[in-house]
Amino acid sequence: MKSFDLKTKIKFGLGSLSALQEIRDKRVLVITDPFMVESGNIEKIVENLKYSKYKVFSEIVPDPPVEIVVQGVQAFSEVDPEVIIAVGGGSAIDAGKAIMDFSKQILNKEQVEFIAVPTTSGTGSEVTSFAVITDKQKGEKYPLVSESLLPDVSILDPELVKTVPKTITADTGMDVLTHAIEAYVSTDADEFSDAFAEKAIKLVFKYLRRAYNNGDDMEAREKMHIASCLGGLAFDHASLGINHSIAHALGGKFKIPHGRANSLLLPYVIEYNSDMKNKVENDYSLAAYKYCEIAKILGLKSNNTRLGVRYLVNEIRNLQDEMKMVTNLRGCKVSDEDVLKFEDEIAVLALNDTCTLTNPKQPTHGDIISIIRNII
Ligand SMILES: NC(=O)c1ccc[n+]([C@@H]2O[C@H](COP(=O)([O-])OP(=O)(O)OC[C@H]3O[C@@H](n4cnc5c(N)ncnc54)[C@H](O)[C@@H]3O)[C@@H](O)[C@H]2O)c1
Ligand SMILES: [Zn+2]
């Protein structure tokens with residue numbers, strides 16, 4: 001028997017931040033990053049908290065390390081919050097989840113409401129049971145996975161995403177696309193996750209260019225915010241694949257932004273998973289047929305499976321080109337020598353990543369190294 005469960009209540013659309021006014025007479029801990037405070041964006045949150053007592057903990061940095069989570073647990077113990085509001089990109093939301101989970105265990109607390117307010121349209125962390133924490137010394141990222149990490153409420157107000165600069169819009173948008181595509185071909189995919197993934201993919205191809213070209217295009221920002229959440233719902237159910245496994249390892253080792261690492265790999269992982277060499281129609285893998293299905297959904301040429309997969313990859317490359325994204329590790333300031341020095345270590349980490357379990361094709365160590373060499 002399978003089951004599809006939804007825990008998180010989702011409020012969305014311009015003005016949805018007013019849902020925070022429902023919090024009354026509570027102790028609230030707001031967890032965020034310094035940008036939200038310096039830019040004044042945090043006012044849009046706290047102006048809705050006038051009926052409660054709140055403290056802002058704003059120490060979160062990208063790819064949050066364990067040390068920051070420990071500081072957050074300290075802030076938690078000082079406030080003893082009834083509600084946590086994590087505001088920011090995936091880093092702030094993931095750190096908020098880890099702070100809540102560790103604090104509950106250490107301080108023996110049970111009921112703490114967790115509200116996620118994403119300010120990037122990328123990770124979908126506002127509806128997932130994942131939190132990615134980094135060990136800076138080892139240069140490794142650890143995905144924590146537990147239903148206890150699922151937010152109770154998520155608020156998708158596009159007003160908060162307006163300030164996201166072009167490069168981060170591109171990186172995070174490609175993260176959305178990678179979540180949806182990997183969930184779609186995952187060995188755990190089913191009709192429920194497919195429905196969320198298909199819609200997320202359509203929205204990305206329709207609105208990401210617009211959000212990139214004009215950050216004030218509120219329709220595009222709103223649709224990308226929804227796409228990000230739909231992608232999160234898809235992969236929270238179906239999980240991901242080796243695109244994310246390798247991206248986690250590359251990101252931890254070379255400090256490449258998460259969405260950019262995914263974007264570099266996506267065309268090559270699709271080619272690898274399609275596994276079409278020396279095969280003919282009716283003999284392809286299920287993944288190849290599903291990639292072709294995506295091409296059909298997008299209205300791309302897909303008279304046969306080979307063509308469909310090729311056009312999907314071309315369309316992804318066009319999107320990357322239009323957003324002036326780098327397409328190799330040199331463009332991310334990683335030297336060829338460093339790639340060759342660390343490729344074995346990266347392959348071991350990627351093979352052990354939980355996302356590898358649901359990849360449609362089980363890779364060998366050598367397969368992962370070949371994929372990495374494509375993006376040098
Ligand atoms: N939990 C999950 O399900 C999940 C899924 C995928 C990735 N992740 C993790 O999430 C992290 C990446 O999150 P991200 O891509 O959202 O980036 P991020 O949270 O690391 O933020 C990147 C940068 O964008 C800035 N930023 C955020 N919102 C902004 C805004 N509105 N305006 C201007 N600047 C803004 C931040 O200050 C930061 O400097 C990685 O650690 C990744 O591994 C988690
Ligand atoms: Zn991701």
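Residues are numbered from 1 along each chain as its sequence is written, and chains are lettered from A and ligands numbered from 1 in the order in which they are written. In this predicted model, local features need pLDDT of at least 70 and side-chain atom pairs count only at pLDDT 80 or more, while totals for chains, interfaces and linings use all residues.

The protein chain contains 13 helices and eight strands (DSSP runs numbered from the N terminus, H or I of at least four residues for helices and E of at least two for strands). Its radius of gyration is 20 Å, close to the 21 Å that the globule rule gives for 376 residues, so the chain is as compact as a globular protein of that length. The radius is taken over C-alpha atoms, and the globule rule is 2.2 Å times the number of residues to the power 0.38. Along the principal axes, the C-alpha atoms fill a box of roughly 65 × 45 × 40 Å. Of the 376 residues, 50% count as buried; a residue is buried if 20 or more other C-beta atoms lie within 10 Å of its own, exposed if 12 or fewer, and partly exposed in between, with C-beta atoms placed from the backbone. Among contacts (C-beta atoms, placed from the backbone, within 7 Å) between residues at least 6 apart in sequence, 76% join residues at least 24 apart.

The domain assignment gives domain 1 (9–161) and domain 2 (166–374), with bounds that come from an automatic or database assignment. The domain centres, taken over C-alpha atoms, are separated by 27 Å. Between the domains, 27 residues of domain 1 are in contact with 28 residues of domain 2. On the domain 1 side, the elements giving two or more residues are β1 (9–12), β7 (140–145) and β8 (153–156), and β7 supplies the largest share, four residues. This side has 10 nonpolar, 13 polar and four charged residues. Here Ala, Val, Leu, Ile, Met, Phe, Trp, Tyr, Cys and Pro count as nonpolar, Asp, Glu, Lys and Arg as charged, and the others, Gly among them, as polar.

Leaving aside neighbours within four places in sequence, Ala234 is in contact with residues including His179, Ala180, Phe196 and Ala200.

Lys223 lies in helix α7 (residues 218–238) and counts as buried because it has 21 C-beta neighbours inside 10 Å. Not counting residues up to four places away in sequence, Lys223 touches Leu203 and Tyr207. Asp336, in helix α12 (residues 336–352), counts as exposed, with 12 C-beta neighbours inside 10 Å. Asp336 and Ile376 are 40 residues apart in sequence and 6.3 Å apart in space, C-alpha to C-alpha.

Ligand 1 is surrounded by 30 residues, the closest being Pro62, Gly89, Gly90, Ser91 and Ser125 (near means a C-beta atom, placed from the backbone, within 6 Å). Elements giving two or more residues to this shell are α4 (90–107), β6 (130–135), α5 (166–185) and α9 (258–274); α4 gives the largest share, four residues. The shell has 10 nonpolar, 15 polar and five charged residues, with at least three residues drawn from each of domain 1 and domain 2.

Note on methods. Two residues are in contact if their C-beta atoms, placed from the backbone, lie within 7 Å.
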